[in-house]
Amino acid sequence: MTSSADAVMTKPPTTPPGSQLAGEGSMWFFIIGDLIIFSVYFVFYTWHRGINQELFLESQLQLNQGIGFINTLILLTSSLFIALGAQSVHEGEYRRALALMRTAFFIGALFPVLKMVEWLPKINAGITPGENLFYLYYYIMTGLHLCHVLLGLVIQAFVLRHLASEKTPDAEFVDSGAVYWHMVDLLWIVVFAMFYLMR
């Protein structure tokens with residue numbers, strides 16, 4: 001026999017998957033604006049890299065590719081759990097959605113920790129944004145991305161609170177948090193490729 005608590009936490013899906021663009025329009029406006037801003041930075045970085053190839057390559061070799069790769073896996077894994085969580089909300093599986101979103105949050109929270117593990121030894125060694133043009137771009141762009149990760153974690157905290165407190169969570173609200181986190185993930189993939197891998 002199904003308990004009343006389970007009945008509250010499991011509802012029929014209210015929004016047919018794929019029936020509309022996921023998330024709120026205001027979130028998409030914010031995301032598109034962010035993508036444009038980062039695209040401008042990417043263009044200027046590529047241009048300056050073409051002019052200063054030896055300097056950029058020499059500086060790039062000092063970066064910790066291992067930490068960069070692990071952070072990439074962290075964001076990809078976190079995004080997977082968020083996508084599964086958002087899908088569960090649409091399917092009315094609210095308990096499962098809450099568990100998946102919590103997992104995504106705690107995995108994603110590892111990103112800023114590892115970023116500090118990467119940054120602090122460099123800063124202590126005197127490698128700061130004033131070191132050269134490469135490191136100026138490196139700290140600006142990875143720093144901006146880190147701010148987006150922290151904001152994404154705040155958004156996910158609100159999503160978790162919403163899922164835990166509402167009998168029938170708002171799927172559009174959950175989707176908005178999900179698409180923002182996917183944008184953060186996408187930006188990191190580009191940053192990782194440009195700063196850690198591109199030769």
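## A tucked-away serine

At 2% relative accessibility, S59 counts as buried (buried means under 20% relative accessible area, exposed over 50% and partly exposed in between, using a 1.4 Å probe and protein chains only). You'll find S59 in helix α3; helices here are DSSP runs of H or I with at least four residues, numbered from the N terminus. Setting aside neighbours within four places in sequence, S59 is in contact with N132, F134 and Y135, where contact means heavy atoms within 4.5 Å.

Before going on, a word on the model: it is predicted, so local features need pLDDT of at least 70 and side-chain atom pairs count only at pLDDT 80 or more, while totals for chains, interfaces and linings use all residues. Residues are numbered from 1 along each chain as its sequence is written, and side-chain values use heavy atoms, with hydrogens and water left out.

## Where α3 meets α7

Helix α3 (residues 53–60) packs against α7 at an angle of about 55°, and their axes are 8 Å apart. Those axes are lines fitted to C-alpha atoms, for helices over the stretch in contact, and angles run from 0 to 180 degrees between N-to-C directions. That angle makes α3 oblique to α7: under 35 degrees would be roughly parallel, over 145 roughly antiparallel, 65 to 115 roughly perpendicular, and the rest is oblique.

On the α3 side, L55, F56, S59 and Q60 take part, and they meet L133, F134, Y135 and Y137 in α7.

## A threonine inside α7

Now follow α7 (residues 133–165) along to T142. Is T142 buried or exposed? With 0% relative accessibility, T142 counts as buried. Its side chain reaches the backbone oxygen of Y138 at 2.5 Å. Leaving out neighbours within four places in sequence, T142 also touches K115, W119, Y137, W188 and V191.

## The nonpolar core

Which residues touch the most other members of the largest nonpolar core? They are Y45, F134, Y138 and F195, in a core of 49 residues. A nonpolar core is a set of buried Ala, Val, Leu, Ile, Met, Phe, Trp, Tyr and Cys residues joined through side-chain atoms within 4.5 Å. Helix α8 (171–197) is among the elements that give two or more residues, and α8 gives the most, with 15 residues.

Take F195: beyond its neighbours within four places in sequence, F195 is in contact with Y45, Q60, L63, F134, Y137, Y138 and M141.

Terms used
A polar contact is a pair of N or O atoms within 3.5 Å; within protein, one must be able to donate a hydrogen and the other to accept it, and residues adjacent in sequence count only if both atoms are side-chain atoms.
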